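Student: I would like to learn how to read a fold from its model. Please take me through the features in turn.

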Amino acid sequence: MDNTRILICYDGTTGADRAIEVAAALLGPRPAVVLDVGVPITPTQSLASIASVVPGQAFEDLNQEDALTRAQTGAEHAIRAGFDARARSEIAAPPWEGIVTVADEIGAAVIVIGSRGQSGARELFNGSVSHDVAMHAGRPVLIVPPAEEH
């Protein structure tokens with residue numbers, strides 16, 4: 001087993017599951033941190049906080065817990081795929097900043113991230129976390145596209 005740690009981004013989608021499988025096939029067993037980055041506050045929570053006595057930090061704590069739950073699911077998948085994986089959550093907006101910060105913190109040899117397969121105007125309008133990570137990471141990024149449908 002290579003002891004070089006990698007960072008696997010996980011958001012609970014089929015694209016994230018596919019990224020774990022591709023990373024296992026290409027990079028083999030090694031230590032991995034499986035990360036889900038949650039937002040500090042969702043649009044719905046933002047509206048609720050205006051009319052509520054619930055402090056904004058409560059929403060951030062809830063989002064951190066949700067992100068950790070997703071990351072744990074991803075870590076379980078990564079362990080089944082052969083990684084020595086542990087889960088981690090982070091809160092950041094935009095998400096790519098949280099990913100790059102954690103990659104720097106753990107000294108990740110590579111960042112693995114799934115892609116929704118958007119391009120052109122759709123990517124420009126919706127944004128692309130994988131593209132932003134690749135642009136800012138300063139390290140190799142394995143972007144795994146969606147599976148081809150036959």
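Predicted model: local features only at pLDDT ≥ 70, side-chain atom pairs only at ≥ 80, totals over all residues.

Student: How are the strands of a sheet held together, and what is the strand order here?

Tutor: Strands of a sheet pair through backbone hydrogen bonds, either parallel or antiparallel. Helices (H or I, at least four residues) and strands (E, at least two) are DSSP runs, numbered from the N terminus. Two strands count as paired if DSSP finds at least two bridges between them. Here five strands form an open sheet in the order β3-β2-β1-β4-β5, with parallel pairing. β3 and β5 (141-144) are the edge strands, each pairing on one side only. On average, neighbouring strands of this sheet are turned by 25° against each other, direction ignored. Axes are lines fitted to C-alpha atoms, for helices over the stretch in contact, and angles run from 0 to 180 degrees between N-to-C directions.

Student: Over how many bridges does β1 pair with β2, and over how many with β4?

Tutor: The parallel pairing of β1 and β2 runs over four bridges, and that of β1 and β4 over two. Cys9 has Leu35 as its bridge partner in β2, and Leu7 has Ile111 as its bridge partner in β4.

Student: Which helices pack on β4?

Tutor: Helix α1 (residues 14-27) lies across β1, β4 and β5 and runs at about 140° to β4. α6 also packs on the sheet, touching β4 and β5, and its direction makes about 160° with that of β4.

Student: How do I tell whether one or both faces of β2 are covered?

Tutor: In a regular strand the side chains alternate between the two faces of the sheet. Burial is judged by relative accessible area: buried is under 20%, exposed over 50%, and partly exposed in between (1.4 Å probe, protein chains only). In β2, Pro31, Val33, Leu35 and Val37 are buried on one side, and Ala32, Val34, Asp36 and Gly38 on the other, so both faces are covered. Eight of the eight residues of β2 are buried, so the strand is largely enclosed by the rest of the structure.

Student: What does Leu35 touch?

Tutor: Leu35 has a relative accessible area of 2% and is buried. Contact means heavy atoms within 4.5 Å. Leaving aside neighbours within four places in sequence, the contacts of Leu35 include Leu7, Cys9, Ala71, Arg88, Gly98, Ile99 and Val102.

Student: How do I check the length of helix α4, and which of its residues are buried?

Tutor: An α-helix has 3.6 residues a turn, so residues three or four places apart point the same way. Trp96, Gly98, Ile99, Val100, Val102, Ala103 and Ile106 are the buried residues of α4. Their cover includes β1 (6-9), β2 (31-38), β3 (84-91), β4 (111-114) and α6 (129-136). Gly107 follows α4 and has a positive phi, near 65°.

Student: What makes a salt bridge, and how many are counted here?

Tutor: Side chains of opposite charge can pair when their charged atoms come close. The rule is a side-chain nitrogen of Lys or Arg within 4 Å of a carboxyl oxygen of Asp or Glu, and the count comes to four salt bridges. In one of them, the closest N and O atoms of Asp36 and Arg70 are 2.9 Å apart. Asp36 lies in strand β2 and Arg70 in helix α3 (residues 56-80), so the pair ties together parts 34 residues apart in sequence. Asp36 counts as buried at 4% relative accessibility, and Arg70 as partly exposed at 32%.

Student: Where does the bridge between Asp104 and Arg139 lie?

Tutor: The closest N and O atoms of Asp104 and Arg139 are 2.5 Å apart. Asp104 is in helix α4 and Arg139 in the loop between α6 and β5, so this pair ties together parts 35 residues apart in sequence. Salt bridges with shared partners also join Arg88, Glu90 and Glu105 into one network.

How values were computed:
Residues numbered from 1 in each chain as written. Heavy atoms only, no water.
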